[in-house]
Amino acid sequence: MSVLAIVSIKNGMPTKGGLEAASYAASHAEAQGISAIALVAGDINGDGGLGATGVSHVLQFSEAITDSSQWAKLAAAAAQEHSAIAIVASHDHFGRAIAPRVAVRLQAGLVAGVTELPTHGSVRKNVFSGKAMADVSVSTAVSVYTVTPNAFGIKNDSNEAEVQAFASEIGTARESVTGFDTASADGQVPLPEAELVVSAGRGLKGPENWGIVEDLAKALGATTACSRPVSDIGWRPHHEHVGQTGITIRPNLYVAAGISGAIQHLAGVNQSKTIVVINTDPEAPFFKAADYGIVGDAFEVLPKLTAAAKELMG
Amino acid sequence: MKILVCISQAPDTTSRIAFTDGDKAFDASGVQYIVNPYDEWYALVRAIELKEKHGGSVTTLTVGEAVCDPIIRKALAIGADDAIRINVEPTDPMQVAQLIANEAQGQSYDLILCGKETIDHNGSVVPAMIAEMMDLPFVALATTLEIDDGLAKLTRESAGGEENVEVSLPLVASAAKGMAEQRIPNMRGIMSARSKPLNVVEASSETSTDVDKFTLPPEKGACKMIDADRPEELIRLLREEAKAI
């Protein structure tokens with residue numbers, strides 16, 4: 001018996017979501033007294049740091065795969081060959097496309113977006129856009145879990161995993177990838193996996209004023225984001241929109257400047273561990289959801305914060 | 001082009017979230033339901049735009065009981081041609097996907113569009129399950145979708161950016177922000193929605209997961225206010241107290 005993590009690879013290394021899935025699989029396996037295995041497709045540098053997450057083996061398929069149907073065939077074959085009682089993937093673009101297909105192939109119950117390890121046959125996930133949690137139990141012998149980004153840490157032991165070739169019949173690809181655009185600015189961590197986020201709204205008055213937001217983000221090593229109105233009027237790109245209808249994030253730190261905190265915005269950010277709100281209006285609803293607040297003008301406060309952050313971070 | 005759009009109802013974003021039946025069920029009393037925003041703003045509107053451009057039809061499909069009829073009428077008012085409701089209470093993603101796949105199988109849809117997730121259960125897994133059950137290609141989290149002579153050209157979220165991908169129809173895709181803009185139904189749409197067909201289908205289903213208990217998150221403590229003239233104090237607290245940086 002085993003727990004199988006399915007891990008996406010980018011430039012020869014697992015993605016952050018892949019490392020989180022492997023860490024979750026290893027912890028779940030350890031609690032059951034069984035071993036954890038990771039499955040990758042394509043080239044990987046050594047064990048890609050997957051051994052450090054606690055998996056004992058890395059199964060490597062020889063070619064990179066983008067087609068979710070092919071990935072699912074591969075993962076289901078590996079799960080069956082290694083008698084997996086659970087299959088774990090990240091709850092991002094990768095896991096959302098592949099894990100449900102694996103669940104169908106294995107006729108396994110799936111719990112999407114888990115935030116904690118299963119206990120007593122039940123596993124916790126966020127529901128109602130972070131406004132509640134649900135404990136969900138699976139009634140099938142095999143379970144599939146997708147792990148919410150930034151909810152479960154990455155384990156970092158000194159172990160090395162053994163990389164083994166793994167082959168299976170996966171059929172032909174039905175999609176072809178014709179191009180790739182980097183969505184985020186140079187050097188920024190992609191928004192869904194960012195641990196530090198600096199965000200701004202209409203209070204910034206115009207796209208030409210975003211320099212002070214970017215400066216603070218740079219000083220902190222954070223990723224920039226924005227509110228819905230700002231992306232709707234085209235001041236900032238759609239992929240920066242966090243909120244109910246944009247991206248849901250769960251960073252360690254969310255700094256919001258010039259955002260009043262409409263309930264739709266909160267739904268996308270209320271799982272952040274620490275929230276800082278900067279607003280000229282002391283009655284802004286966002287202060288009720290914040291850990292730290294500054295009543296003040298973003299145009300004055302942000303540069304001062306940047307200077308203080310630079311001093312602290314060196 | 002024959003397009004199927006899967007839509008579900010979700011509590012309005014401003015709804016009070018509370019639970020009943022020993023915290024095993026959502027307390028729907030006094031809750032206003034809306035079309036799940038991802039299904040409406042992105043999947044449904046894009047489907048209607050594609051129909052306007054290429055001709056064909058847009059059918060909506062909902063798994064749910066009669067309580068869902070108002071949001072189905074809204075989808076018809078926005079511009080869908082007809083609607084199917086599978087008269088089963090949805091409780092589990094595999095169950096919902098199986099009901100949809102069974103209904104869609106053999107109906108020769110060129111495109112099955114879903115919103116990327118519902119705002120209540122936040123699962124985001126039904127579209128890929130439908131694709132697997134129907135042995136169709138699937139594109140997750142699509143931000144653009146064009147159809148060109150039987151070939152779908154999409155942009156999708158990917159690690160650190162967006163990928164362009166091409167797939168032959170038929171196809172299942174889940175729609176994210178960028179796919180389309182919200183449409184407000186006009187009076188003519190609202191009037192005509194009343195007479196558009198809403199077919200109710202009976203079906204049976206099995207589930208593979210159960211919610212044991214819902215819990216509300218702990219109340220947030222009071223917000224600590226910091227003087228606007230001393231932002232360095234905030235940076236210090238973020239490091240020493242919150243340990244966030």
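1. A word on the model. This is a predicted model, in which local features need pLDDT of at least 70 and side-chain atom pairs count only at pLDDT 80 or more, while totals for chains, interfaces and linings use all residues. Residues are numbered from 1 along each chain as its sequence is written, and chains are lettered from A and ligands numbered from 1 in the order in which they are written.

2. Domains of chain A. Domain 1 covers 2-165 and domain 2 covers 191-313; such bounds come from an automatic or database domain assignment. The centres of domain 1 and domain 2 of chain A, taken over C-alpha atoms, are 32 Å apart. Ten residues of domain 1 of chain A are in contact with ten of domain 2 of chain A, contact meaning that C-beta atoms, placed from the backbone, lie within 7 Å.

3. Chain A with chain B. The contact takes 77 residues from chain A and 67 residues from chain B. On the chain A side, helix α3 (residues 93-106) gives the most, with nine residues. Helices here are DSSP runs of H or I with at least four residues, and strands are runs of E with at least two, numbered from the N terminus.

4. Six strands form an open sheet in the order β14(A)-β13(A)-β15(A)-β16(A)-β17(A)-β15(B), with parallel pairing; strands pair if DSSP finds at least two bridges between them. β14 (223-226) of chain A and β15 of chain B stand at the edges, each with a single partner strand, so one side of each is left without a neighbour in the sheet. Two bridges join β17 (residues 292-295) of chain A to β15 (residues 224-225) of chain B, and G293(A) stands opposite M225(B).

5. A helix pair in chain A. The axes of α4 (residues 211-220) and α7 (residues 298-313) of chain A come within 9 Å and cross at roughly 20°; axes are lines fitted to C-alpha atoms, for helices over the stretch in contact, and angles run from 0 to 180 degrees between N-to-C directions. That makes α4(A) roughly parallel to α7(A), the term for angles under 35 degrees. The contact includes L216(A) of α4(A) and L302(A) of α7(A). Its residues divide into eleven nonpolar, one polar and two charged, where Ala, Val, Leu, Ile, Met, Phe, Trp, Tyr, Cys and Pro count as nonpolar, Asp, Glu, Lys and Arg as charged, and the others, Gly among them, as polar.

Notes
Angles under 35 degrees count as roughly parallel, over 145 as roughly antiparallel, 65 to 115 as roughly perpendicular and the rest as oblique. Two residues are in contact if their C-beta atoms, placed from the backbone, lie within 7 Å.
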